[in-house]
Amino acid sequence: MKGQYLRWDQTLFRDAEVFEFDHLPDAFRHRERQMKELAFLVAPGLRGGRPLSAICFGLPGTGKTTCMRKLFAEVEETTRSLVPVYINCQVDHTKLMVFSKIYQKLTGHLPQTSGVPVRKVLDAIARHMIKEGRVLVVCLDDANFMQGDRTLSDTLYTLLRTHEEYPGTRIGVIATVSDVHHDLAGGLDPCVVSVFRPSRVYFDPYTEEETREILAERVRQGLYPGVVPEAMLGLIVAQTMTCGDLRVGLDMLKRSVLAAEHDGRTEVAETDIMAAYEMAKHVHLVASVRALSPPEKRLLLHIAKRALDEEGEMTSGAVFRSAKESMRMSYTAFFERLKKFEEMRLAELRAVTGRGRTREIVLRYDAEKVVEVCG
Ligand SMILES: Nc1ncnc2c1ncn2[C@@H]1O[C@H](COP(=O)(O)OP(=O)(O)OP(=O)(O)O)[C@@H](O)[C@H]1O
Ligand SMILES: [Mg+2]
């Protein structure tokens, strides 16, 4: 029986899967430097030594997670003695969850977690590592998501000092953060700083040319020829560059092709792309807000609410005074947060003529949407 509304028989997609954010691309170009640096840091683990630690940092959508997944896949193909453990801290955000994941990776099954102290899980992990002669490299992806101020410090401290308590165990840690200068070390307990001395691996935003090559490759893989004409790809690339997040480009491709398909056309048009952008840009907003600390998020929410209030003046001084009523912060801290919003392309700071250092704060997204995402 043929459906009246759903049509499966006509599609412009050769392989729709390649536009999903969690699709691991075959071709991972323009990240050779980062892959090499990380491979170098992990390499001692291949010879039974302790992998060196690292922090990967950079704006959202610059390939940090993909880089870790690629590297870990390669480690798994190469050896069984170095075990890579990937942890998504947005999901596993407590110390027990992290150690349970490690245990699961090593043994193939989850420990009985309810009511079990971390120590017991750690004991089992260490015993396994020593008996099997295995070394660990643990990736804490989006490490800033660990719950509470102390959790990350506490987890790192335990991971990196395991060898003192269980001689012969070797663990390296790679943390990632979606931030340009988020220096995790700044927020860590001093005792952790003494054991966690990470190399810093920066993921710079892709240039326009790189973005074009990456998206063109997906188009080749995922769509039938001619669906996205050269000029239309150019438009998608230009829109992606406004926020620098590849996910926006991928999402635009998927949405605009779906729209053309729905209309019974075989090519995407400019209107499809512009409509797709209106939706796709929020992917970046969500990813950026996700990367903010709670106080930063509160300030952004405050700014967005104020922007919705027609009476509210949006100069830096006026916003600071109003924000101070409900938040404790110095003007310096306030201005640093503003600069961060600008760097993350969440807001613009415009000079106000004749008013010295005063800036007008202009959100780059609808204030209503920002309130929704921050709230
Ligand atoms: N060099 C590349 N080649 C092909 N695809 C890429 C490349 N870099 C990133 N991507 C794609 O872009 C999307 C975003 O990448 P990824 O999730 O790795 O970014 P991220 O830096 O981890 O972002 P976030 O900071 O928000 O976690 C993914 O779908 C990924 O497949
Ligand atoms: Mg990521």
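Arg-31, Arg-33, Glu-37 and Asp-204 are linked in a network of salt bridges. A salt bridge here is a side-chain nitrogen of Lys or Arg within 4 Å of a carboxyl oxygen of Asp or Glu. Side chains of opposite charge can pair when their charged atoms come close.

The model is predicted: local features need pLDDT of at least 70, side-chain atom pairs count only at pLDDT 80 or more, and totals for chains, interfaces and linings use all residues. Residues are numbered from 1 along each chain as its sequence is written, chains are lettered from A and ligands numbered from 1 in the order in which they are written, and side-chain values use heavy atoms, with hydrogens and water left out.

Look at one link of the network. Arg-33 forms a salt bridge with Asp-204, and their closest N and O atoms are 3.5 Å apart. Arg-33 sits in helix H1 (residues 32-42), while Asp-204 sits in the loop between strand E5 (199-202) and helix H9 (208-222), so the pair ties together parts that are 171 residues apart in sequence. Helices (H or I, at least four residues) and strands (E, at least two) are DSSP runs, numbered from the N terminus. Arg-33 counts as partly exposed, at 40% relative accessibility. Asp-204 is partly exposed too, with a relative accessible area of 28%. The classes work like this: buried means under 20% relative accessible area, exposed over 50%, and partly exposed in between (1.4 Å probe, protein chains only).

The whole structure holds 25 salt bridges. One of them joins Arg-255 and Asp-251, at 2.8 Å from N to O. Both residues lie in helix H11 (residues 246-262), four residues apart, about one turn of the helix. Arg-255 is partly exposed, at 34% relative accessibility. Asp-251 is buried, with a relative accessible area of 8%. Another salt bridge pairs Lys-131 with Glu-132, the closest N and O atoms being 3.6 Å apart. Lys-131 is exposed, at 71%. Glu-132 is partly exposed, at 41%.

Now step back to the domains. The assignment gives domain 1 (32-202), domain 2 (206-286) and domain 3 (292-374). Such bounds come from an automatic or database domain assignment. The C-alpha centres of domain 1 and domain 3 lie 35 Å apart. Their contact (heavy atoms within 4.5 Å) takes six residues from domain 1 and four residues from domain 3.

How much area do domain 1 and domain 3 bury between them? About 420 Å², with 55% of it on carbon and sulfur atoms. Buried area is the accessible area (1.4 Å probe) that two parts lose on being put together, summed over both. In domain 1, Leu-59, Asp-179 and His-181 lose the most area to domain 3, together 66% of what that side buries.

The rule finds one salt bridge across this interface. Lys-340 forms a salt bridge with Asp-179, with the closest N and O atoms 2.6 Å apart. The side of domain 1 that touches domain 3 has three nonpolar, two polar and one charged residues. Ala, Val, Leu, Ile, Met, Phe, Trp, Tyr, Cys and Pro count as nonpolar, Asp, Glu, Lys and Arg as charged, and the others, Gly among them, as polar.

Finish with Val-192. This residue lies in helix H8 (residues 190-193). Is Val-192 buried or exposed? At 1% relative accessibility, Val-192 counts as buried. Leaving aside neighbours within four places in sequence, Val-192 is in contact with Ser-153, Leu-156 and Tyr-157.
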